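Student: Could you take one spot in this chain and walk me through it closely? Once that's clear, I'd like to hear how the surroundings are put together.

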Amino acid sequence: MRAQSFAAVALLIAVAGCAGNQGAQPQSGDTRFVAGDGKITLFQAEDRKVAPQVEGETLDGGTASLAAHKGKVVVLNFWASWCAPCRAEAPVLKDIHAKKKAEGVEFLGVDFKDRKADALAFERSHEPGYPSIFDQPGKVALSFQGTVPPAAIPSTLIIDRQGRIAARALGAVKYNDLLDAVTKVGDER
């Protein structure tokens, strides 16, 4: 196994383990997560990897997928209600979603390793304006193995119009950094 793949798998296991053992969920205020600094890494077009198929049931009982947004820029945010940085970045994501929607930029959340009731309360409180896939077991995050894995909670991936991973942020994103990255990827033709 290549060193880079091994490191990605190790980080993904760390993220998967942050919610506790044997399906136990963190209690409110729990800080067990892999921290990141929120710095966004942009990838050159020739270095981008194709995002895996992402689909699942949303918190509101519908379905969502990356394929439904083919040809558009998609901001994919991995979050959990028990994650303080996720709560802190929620207004940033909501505002940038509102600003960029008219330009064809879509947002999709992935609620990771969470209780559904807690995730629904989070959504009622923050009203993001876009759907989130309920991914309690972490299958969506694991599907990125071999590409550019989320590797922290929160993590944000920007998928370009060709379905490739154009950027990644580990940790809570900063407003101007995310807006700039989404604009750069959106301006690509």
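Tutor: Let's start at Cys83, which touches Ile153 and Pro154, leaving aside residues up to four places away in sequence; touching, or contact, means heavy atoms within 4.5 Å. Keep in mind that this is a predicted model, where local features need pLDDT of at least 70 and side-chain atom pairs count only at pLDDT 80 or more, while totals for chains, interfaces and linings use all residues. Residues are numbered from 1 along each chain as its sequence is written, and side-chain values use heavy atoms, with hydrogens and water left out.

Along the sequence, Cys83 and Ile153 are 70 residues apart, yet C-alpha to C-alpha they sit 7.2 Å apart in space. Cys83 belongs to the loop between β4 and α2; helices (H or I, at least four residues) and strands (E, at least two) are DSSP runs numbered from the N terminus. Cys83 counts as buried because its relative accessibility is 0%. The cut-offs are under 20% relative accessible area for buried, over 50% for exposed and partly exposed in between, with a 1.4 Å probe and protein chains only.

Now look at the partners. Ile153 and Pro154 are joined by a cis peptide bond, with omega about 0 degrees, and Pro154 lies in the loop between α4 and β7. That loop also holds Ala151, which has a positive phi of about 65 degrees although it isn't a glycine. Ala151 is buried too, because its relative accessibility is 3%. Another non-glycine with a positive phi is Lys113, near 50 degrees, in the loop between β5 and α3. At 17% relative accessibility, Lys113 counts as buried as well.

Ile153 leads us to the largest nonpolar core, where Ile153, Leu76, Phe78, Phe144 and Leu157 touch the most other members out of 28 residues. Such a core is a set of buried Ala, Val, Leu, Ile, Met, Phe, Trp, Tyr and Cys residues joined through side-chain atoms within 4.5 Å. Two or more residues each come from β4 (74-79), α2 (84-100), β5 (106-112), α3 (116-126), α4 (139-142) and β7 (155-159). β4 gives the most, with four residues. Take Leu76: not counting residues up to four places away in sequence, Leu76 touches Val54, Leu108, Val110, Phe144, Ser155, Thr156 and Leu157. Another core of 19 residues lies apart from the largest one and includes Val75, Val105, Tyr130 and Leu179.

Next, α2. It packs against helix α5 (residues 175-187) at an angle of about 35 degrees, with the axes 10 Å apart; axes are lines fitted to C-alpha atoms, for helices over the stretch in contact, and angles run from 0 to 180 degrees between N-to-C directions. On the α2 side are Val92, Leu93, Asp95, Ile96, Lys99 and Lys100, which meet Tyr175, Leu178, Leu179, Val182 and Thr183 in α5.

Finally, the whole chain. There are five helices and eight strands, following the pattern α-β-β-β-β-α-β-α-β-α-β-β-α along the sequence. Buried residues make up 47% of the 189 residues. Among contacts between residues at least 6 apart in sequence, 72% join residues at least 24 apart, and the pairing of Cys83 with Ile153, 70 residues apart, is the one we started from.
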